[in-house]
Amino acid sequence: MSAHRHRPEPVELDAADRRIVNRLQDGLPLVERPYVAVAAELALSEGELLYRLERLLEDGVLSRFGPMYHAERLGGGLTLAALEVPEADFERVTAAVNAFPEVAHNYRRDHRLNMWFVLATETPERIGETIAAIEAATGLAVFNMPKQEEFHVRLHLPV
Amino acid sequence: MNGLTSTDTASRASACPERLRSLLERGLPLTERPWLTLAEQCGMSEGEVLAWVERWQREGLIKRLGLVVRHHALGMRANAMVVWDLPDDSVAEVGRQLAAEPAVTLCYRRPRRLPVWPYNLFCMIHGARRERVLEALDAIVGRHGLQHIPHRVLFSLKAYKQCGGRYAREDQP
């Protein structure tokens, strides 16, 4: 189980998988039988579309299928934050930061600010509290860079 | 199935949308009639579920129905956060231009954190390899005349955590 989660080789998609992923990046119609509608567009049966979607989720190609919420309008808080982590301390700080359930998408990047993560909290106020708690746990200053404006992408990346 | 007859209509009206929303956070069921599956789980009719989701989409609570691709699983190993230091009066215009580029998957204006961080526009570019990402970036710079705008490419060296948090969201940098 965990073996396939850490599998290093990329998952191979066949032509039908690619059509499905590309088509559904554009969204699913809000109708009683959405999969029938999409399957027809892709020249697949409904059963085959459902089977392939299940497999793409299991293989980890898709991290999510369904509604994408607007966290702020749901009443939640969302921000991007960065830390300047001393090299010798990287493992300890990674463990301390990832222990927070509010932390998602923690990436190491090549810059003086070398740890970048997204914080998602149930309320906007919790962002400040979580940042204070991360500063206390790591002994490092958190650079908070909340979104000020979103520029909507028109196209999704074709696979 | 779950005793609708004895349910207080007033409390149903307020309690059910919350339940539906939390069920939806787990994703859309992979059944022939996914809205009906959800309806059965939260004591609504299929029509009511569709009406709530339509309303949430209209109000912007739900950005879209669809999927999130884990690019890394597909071998798109290079994930670059490209950041730009733009004059405040041109950040919106350049933001719109970058967002319209097919290679750009996300584009946000964020605050500078001087002196360490002078950049105010962030975008994400994914690709199979770093060279591909840099080629795409070169083309974008050329197309929009951004040669003189200070910018940096921060490739991800390693993903330490790729999920978590309560809300479903886009693959945000």
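Between chain B and chain A, 26 residue pairs are in polar contact, both partners at pLDDT 80 or more; a polar contact here is a pair of N or O atoms within 3.5 Å, where within protein one must be able to donate a hydrogen and the other to accept it, and residues adjacent in sequence count only if both atoms are side-chain atoms. Let's stay on chain B's side of that interface for a moment. Strand β5 of chain B (residues 151–161) gives the most to the side that touches chain A, with 10 residues. The residues on that side split into 44 nonpolar, 16 polar and 24 charged, with Ala, Val, Leu, Ile, Met, Phe, Trp, Tyr, Cys and Pro taken as nonpolar, Asp, Glu, Lys and Arg as charged, and the others, Gly among them, as polar.

A word on the ground rules: this is a predicted model, in which local features need pLDDT of at least 70, side-chain atom pairs count only at pLDDT 80 or more, and totals for chains, interfaces and linings use all residues. Residues are numbered from 1 along each chain as its sequence is written, chains are lettered from A and ligands numbered from 1 in the order written, and side-chain values use heavy atoms, leaving out hydrogens and water.

Back to the interface: 84 residues of chain B are in contact (heavy atoms within 4.5 Å) with 77 residues of chain A. L30(B), Y160(B) and K161(B) supply 10% of the area that chain B buries against chain A, more than any other three residues. The buried area, meaning the accessible area (1.4 Å probe) that two parts lose on being put together, summed over both, is about 7800 Å², and carbon and sulfur atoms give 61% of it. There are also 3 salt bridges across the interface, each a side-chain nitrogen of Lys or Arg within 4 Å of a carboxyl oxygen of Asp or Glu. R33(A) and E32(B) form a salt bridge, with their closest N and O atoms 3.5 Å apart.

Now the chains themselves. Counting DSSP runs numbered from the N terminus (helices are H or I, at least four residues; strands are E, at least two), chain A has 6 helices and 6 strands, while chain B has 5 helices and 5 strands. Chain A runs α-α-α-α-β-β-α-β-β-α-β-β from its N terminus, and chain B runs α-α-α-β-β-α-β-β-α-β.

Finally, look at helix α2 of chain B, residues 34–42. Its buried residues (under 20% relative accessible area, with exposed over 50% and partly exposed in between; 1.4 Å probe, protein chains only) are P34(B), W35(B), T37(B), L38(B), A39(B) and C42(B). Just after α2(B), G43(B) takes a positive phi of about 70 degrees.
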